[in-house]
Amino acid sequence: ILAQPAVRDPRGRAQAVTKDIAGKLATLAATFEDRGMDSERVARFLMRCVFCFFAEDVGLLPKDLFKRTLETARSAGAPEHVGKVLTSLWTTMDQGGMFGAELLHRFNGHFFQAVEALPLTAQDVSLLIEASAFDWSGVEPSIFGTLLVRALDPEERHRLGAEYTPRAYIERLVEPTVVEPIRERWTAVQAAVV
């Protein structure tokens, strides 16, 4: 393992999982936009879903709450019923309180203040349930940045200074200024030990 440090590096796995998840979300976003829905509304809806996927996998929400909510709402009625249940869940997340038998903490930051579930088809709901099956705790954080930037209208994005910088750009800056000097010092330490 010491001779192969890449084996311990979770980034490769995270990038693979993120690519699969991003594909499913891109498919869902495209179907919404093909139906004439505003891209900002679509991005906000998907961002809330992504947050819930992540929150249930890292323990901010009860285990599999979002997935169970999708499955239960789908089997209880038409896809329109899922949208109503999601709106109820997000309202509870904004205020804190009981959602069914689960006590939810309040998620502040205004993210769930204005909640709107988009009209869903059976296929949309199935894609969301599929996406919830991934382990979101290991997802590359870039997916959140991409969705956040897409969710904000250009004026709000400019006012907040919320521009997303892709990982590759950051690595291009950090590699020569931070990583390479550390590697050089590490190489010198290793040579001194031998």
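**Close-up views of a predicted model**

**View 1. Helix α3 against helix α5.** In this predicted model, helix α3 (residues 65–76) and helix α5 (residues 122–132) have axes that come within 9 Å and cross at roughly 150°. That angle makes α3 roughly antiparallel to α5. The crossing of α3 past α5 is left-handed. From α3, the contact draws on Lys 67, Leu 70, Glu 71 and Arg 74. From α5, Val 125, Ser 126, Leu 128, Ile 129 and Ser 132 take part. By type, the residues of this α3–α5 contact are four nonpolar, two polar and three charged.

**View 2. Helix α3 against helix α4.** The axes of α3 and helix α4 (residues 79–95) come within 8 Å. They cross at roughly 145°. Here α3 passes α4 in a right-handed crossing. On the α3 side are Leu 65, Phe 66, Thr 69, Leu 70, Ala 73, Arg 74 and Ala 76. They meet His 81, Val 82, Val 85, Leu 86, Leu 89 and Trp 90 of α4. The residues of the α3–α4 contact split into ten nonpolar, two polar and one charged.

**View 3. Cys 49 and Cys 52.** The structure holds zero disulfides. The cysteine sulfur closest to that of Cys 49 belongs to Cys 52, and it lies 6.7 Å away, too far for a bond. A disulfide needs the two sulfur atoms within 2.5 Å. Seen from Cys 52, the closest cysteine sulfur is in Cys 49. Cys 49 is buried, because its relative accessible area is 0%. Cys 52 also counts as buried, at 0% relative accessibility.

Note on methods. Residues are numbered from 1 along each chain as its sequence is written. This is a predicted model: local features need pLDDT of at least 70, side-chain atom pairs count only at pLDDT 80 or more; totals for chains, interfaces and linings use all residues. Side-chain values use heavy atoms; hydrogens and water are left out. Axes are lines fitted to C-alpha atoms, for helices over the stretch in contact, and angles run from 0 to 180 degrees between N-to-C directions. Helices (H or I, at least four residues) and strands (E, at least two) are DSSP runs, numbered from the N terminus. Angles under 35 degrees count as roughly parallel, over 145 as roughly antiparallel, 65 to 115 as roughly perpendicular and the rest as oblique. A crossing is left-handed if the near helix is turned anticlockwise from the far one by less than a right angle, and right-handed if clockwise. Contact means heavy atoms within 4.5 Å. Ala, Val, Leu, Ile, Met, Phe, Trp, Tyr, Cys and Pro count as nonpolar, Asp, Glu, Lys and Arg as charged, and the others, Gly among them, as polar. Buried means under 20% relative accessible area, exposed over 50%, partly exposed in between (1.4 Å probe, protein chains only).
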